[in-house]
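Please have a look at the model before I go on.

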Amino acid sequence: MITFFLNPANRAWLVLLVATGATWWLGEVGAAGTGAILAMLAIAFIKGRLVILDFMELQGAPLMWRLLLEGWLILVGGLILLAYWISLK
Amino acid sequence: MTAITAALPAEAPAAKRLPGYLAVWAFILAEMLLFAMLFASYAFARVDNVEMFNLYQQTLDRNAGAINTLLLVTGSWFVVLAVQAAHRDDSRAASRHIAFGFLCGGGFLAVKVFEYATKFGEGIFFSTSTFYRFYFSLTFFHFMHVILGMVVLAILWVKTRQGAYGSHDAHGLESGAVYWHMVDLLWIVLFPLVYVMR
């Protein structure tokens with residue numbers, strides 16, 4: 001059991017399952033508005049980062065590749081947030 | 001030089017390396033940029049049609065979207081375990097984990113086909129509204145990527161059964177695995193964006 005948690009991929013998988021449940025729940029309660037959007041983007045960012053670092057194994061990759069992939073997450077999240085912010089005005 | 005080596009801790013971390021082939025990473029980055037543009041198009045198209053997007057979004061099957069996230073995340077996890085097994089020279093475990101990953105992909109396709117069939121049954125098509133045009137084009141484009149990812153996994157399954165990868169060389173396996181993780185990563189953004197955010 002303890003050896004299961006020693007593998008970062010196993011830990012990432014468990015967090016991804018729980019985080020998916022959280023996004024689903026926000027949808028079920030019909031969460032809307034700035035707070036909800038920030039929460040959903042934060043969850044997506046955490047999930048994306050786990051996939052990049054622990055599944056794609058970029059944790060031990062040259063910094064440039066980590067920055068490219070994590071930068072993509074920030075770019076996409078930023079554009080989505082910008083569009084939602086404009087729509088709320 | 002000897003002094004520096006002696007000063008290093010007993011277990012120096014391995015040199016930084018990029019898993020898989022460089023060309024595959026270039027291809028993946030191009031695909032991700034394309035999807036970034038599609039995601040941004042959706043978000044900005046919504047700005048002028050907030051009420052319509054919110055109304056039609058409620059007709060989507062959020063449970064199916066969430067189940068599909070779980071399937072892709074789990075499929076990705078199996079494929080990481082396959083790469084780890086290959087590095088331990090355990091080809092049997094590697095091929096078994098790839099088969100599980102492939103099955104998760106198959107589950108995703110089945111749920112998506114069910115979702116599309118329900119929509120078509122309700123008389124909802126690509127041309128019904130701007131929202132559905134985005135819903136069908138984004139999800140179908142991603143669907144095609146799941147299929148391509150499964151083709152890659154099928155090839156990797158055959159090759160791992162032949163013992164093609166091991167501690168000596170796993171670049172091919174790592175490259176296919178990274179592509180499969182990208183399919184997962186894209187859905188992690190697509191699901192909240194199209195199915196949940198309002």
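Helices here are DSSP runs of H or I of at least four residues, strands are runs of E of at least two, and both are numbered from the N terminus. In those terms chain B reads α-α-α-α-α-α-α along the sequence, with seven helices and zero strands.

This is a predicted model, in which local features need pLDDT of at least 70 and side-chain atom pairs count only at pLDDT 80 or more, while totals for chains, interfaces and linings use all residues. Residues are numbered from 1 along each chain as its sequence is written, chains are lettered from A and ligands numbered from 1 in the order in which they are written, and side-chain values use heavy atoms, leaving out hydrogens and water.

As for overall form, the C-alpha trace of chain B spans about 70 × 40 × 25 Å along its principal axes.

Turning to helix H7 of chain B, residues 171–196, its 26 residues should span 38 Å at 1.5 Å a residue, and the end C-alpha atoms are 37 Å apart, which agrees; the expected span is 1.5 Å times one less than the number of residues. Of the 26 residues in H7(B), 25 are buried, where buried means under 20% relative accessible area, exposed over 50%, and partly exposed in between, with a 1.4 Å probe and protein chains only.

Finally, Leu148(B) lies in helix H6 of chain B, residues 130–161, and is partly exposed, at a relative accessible area of 39%.
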